[in-house]
Amino acid sequence: MYQSPTLEQALKHHFGYDTFRLGQRQIIEQALLNRDLLIVMPTGGGKSLCFQLPALLKKGVTVVVSPLIALMQDQVEALRNNGVSATFLNSSLNAYQVRSREEALLQGKIKLLYVAPERLVSERFLPLLDLVHHKVGISAFAIDEAHCVSEWGHDFRPEYRQLKLLRQRYPDIPVSALTATATDRVRADIIQQLGLNQPNIHISSFNRTNLYYEVRSKTKSAYAELLELIRETDGSGIIYCLTRKKVDELTLKLQHEKIAALPYHAGLTDEERNQNQTRFIRDDVRVIVATIAFGMGINKPDVRFVVHFDLPRNIESYYQESGRAGRDGETSRCLLFYNFSDVKTIEWSINQKTDPQEQLIAKQQLRQMIDYAEGTVCRRTIQLGYFGERFAGNCGNCDNCRYPKPEQDWTIEAMKFLSCVARCKEKYGMGHIIDVLRGAKTQKIIQNGHDKLSTYGIGKDRGLDEWRMLGRSLLHKGFLEQTSDGYAVLKLNALSWEIMRRQRTVTVAIPVAQRVPLTDRDAKAAEVDLLLQKLRSLRKQIADAQSVAPYVIFSDSTLRLMAQSQPKSLLEFSKLSGVASHKVSQYGDQFLAAIRAYHQKQGLLEKKLNSTPSDELPIGTELQTLQLHQQGLSVAEIAKKRNLRPRTIIDHLCNLIEKKQPIDLNLLVSVEKQQKILQVLEILGDVPLTPIKEYLGDRYSFDEIRLVKITWRCRGKR
Ligand code: ADP
Ligand code: ZN
């Protein structure tokens, strides 16, 4: 058994990380005991480390099965950059390269060997494997993307089925299977198909806490909103569209706006696709516009946003596609644009299916997707619920949690709507009912004499979208029915009549305009931004010289740590999370030099700036308050100690915040209250304290609101 400090030390030495992610340590301990393992973690959970670290600690070579050439190459490059002897064998190599790699393998110089499944089980390869087993030992087999073995999964690959042969041929070598697939059926299939022997099963939560989920209605301004999002976000993004045509159109439009974007879809040649993918991974372009053909095999950890410009077919695809954001654990954004005509398009394509069973499933999945898009509860609760994971809700990191939609009384509108359904004798769909309400002059209306109905034109005061929203809300709440025979005819039920008899009220959640900055840029973040840009371009330069992706050199989070802590020596540098021993010697000097150069330039700049009064400095009495605050004293305690009124201390604290001094707001106002106050500020804007307090109620004091408001204002929000 490895002692605890040793595993952590090994982690730091080889990979540069200080702590294990949830579950990793336990899994690695099991792997070192030669247990079979089934590891289910969401994308970005940190699966690779679970077989890579044991591979380095055990004798012999670990054989990794990986389905795609691109994936293998990425992982091997990343490992080599950490000084780990890893290699791959696949069809991209010539005979000479293959031979020299095989030799290295037999000489025991390789710790991790990546191979494609079909090669591994081929008649030609198995004898070599026997030889490796005999001469240097095989420490484990790791089957990556193990769901490919299952027909129930989304990427079934027949060649994965033959992997069972490994268990038969090498009964004593432990097998680890890894996947991000969430369904029980696939998990059971993996165990059975690979012949895992009483495996230890690790299933992590599928909650990706670093992702912000948001749904917006796809209105005329959607494209402008998309553009704004791309412009205000720092880093790469993926935009998914339903069709090739839309991909091409959107790419052109973005390119026209001088945004470095490339398309990806099945209509391009293999070469074009590979090229575009590589340019995206290497940060030559920021944005890839793609159909769902793009995804599997994209290991890029620093995708900062995934936008669905069209509605996905089901929640599972949405989870997997949006999940390509933020693998590295950094804040990232997932935005879905939604409108009802997308639903119509998908419905139409479902109706083309010939198998009624398939049709039924697809319709049900679409229904769930609509519920997600239109829902007013926590988005995470819906997503995780879909995978059978219970989530208490109120995640604080989705639009519905951060900006709850106010409910408005729409009983009168509902009565108009429902009586119009009644007058039309429950024979029409929503579009026609709304036409009648809004007094349209369609042929259908004239023909049926619906312009003579008492409900004709009584809804002119509301727009088409508003009526649709109400109609769908009535359907959702069960106040109205809809036939599911493909015609979607509206039908009344007992609850509809209760509403028309005024026995029941109807409220509707009104969407609020959301303008959420992706990252809360505080003053400090703005300061390090400049240095970060410098470090990024150095990273890109080094990466290009090696023909690898920039993240292989250092991740975004490591770079940010570097910009924040600004190390002055190799020792300080080596302590940053993400800096493995190998990387200290490899890149330390270059990055330290860049940081030094930045300092010198800043020093000169500051001298210049200080000659003109810019930011005010705190005065003596404020500094005393600051000191006591930093010792953790409350406002009352500071007031008592300094023999001043609490109000004066609050004044000091507010001034200190304005002067950008390190005030810890969390010590003054609970996080929960802060969030609520911020929500209200986003809605009301920069108004006096009284209306804000009226909105929030008695539980909130003026002082609390004032402190949060000043902080909010200093962050530069409107
Ligand atoms: P998965 O295969 O589960 O999608 P990866 O193995 O690619 O995830 O890991 C995702 C990211 O998290 C990678 O950038 C990896 O370097 C990083 N990572 C893994 N383990 C840790 C850890 N213990 N501390 C910090 N970062 C980690
Ligand atoms: Zn939420």
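Now some housekeeping. This is a predicted model, so local features need pLDDT of at least 70 and side-chain atom pairs count only at pLDDT 80 or more, while totals for chains, interfaces and linings use all residues. Residues are numbered from 1 along each chain as its sequence is written, chains are lettered from A and ligands numbered from 1 in the order in which they are written, and side-chain values use heavy atoms, with hydrogens and water left out.

So, what holds the zinc ion, ligand 2? The protein donors are the SG atoms of Cys 378, Cys 395, Cys 398 and Cys 401, at 2.3 to 2.4 Å from the zinc ion. A donor here is an N, O or S atom within 2.8 Å of the metal (3.2 Å for Na, K and Ca), and since water is not among the atoms, sites may look incomplete. Along the chain, the spacing of these donors reads C-x16-C-x2-C-x2-C. The angles between the 4 donor atoms run from 99 to 121°, so the arrangement is tetrahedral; for four donors, that label needs all angles between 85 and 135 degrees. For reference, the ideal angle for four tetrahedral donors is 109.5 degrees.

Next, a pair of helices. Helices are DSSP runs of H or I with at least four residues, strands are E runs of at least two, and both are numbered from the N terminus. H19 covers residues 411-423 and H20 covers 430-437; their axes come within 10 Å and cross at roughly 110°. That makes H19 roughly perpendicular to H20, a label for angles of 65 to 115 degrees. The axes are lines fitted to C-alpha atoms over the stretch in contact, with angles from 0 to 180 degrees between N-to-C directions. In contact terms (heavy atoms within 4.5 Å), Lys 416, Phe 417, Cys 420 and Val 421 of H19 meet H20 residues Met 430, Ile 433, Ile 434, Val 436 and Leu 437.

Arg 502 isn't a glycine, yet its phi is positive, near 65°. Arg 502 sits in the loop between helix H23 and strand S17, and at 57% relative accessibility Arg 502 is exposed. Ser 547 isn't a glycine either, and has a positive phi of about 55°. Ser 547 lies in the loop between H24 and H25 and is partly exposed at 41%.

Methods
Tetrahedral: all angles 85-135°; square planar, octahedral: opposite > 155°, others 65-115°. Parallel < 35°, antiparallel > 145°, perpendicular 65-115°, else oblique. Buried < 20%, exposed > 50% of the residue type's maximum accessible area, 1.4 Å probe, protein only.
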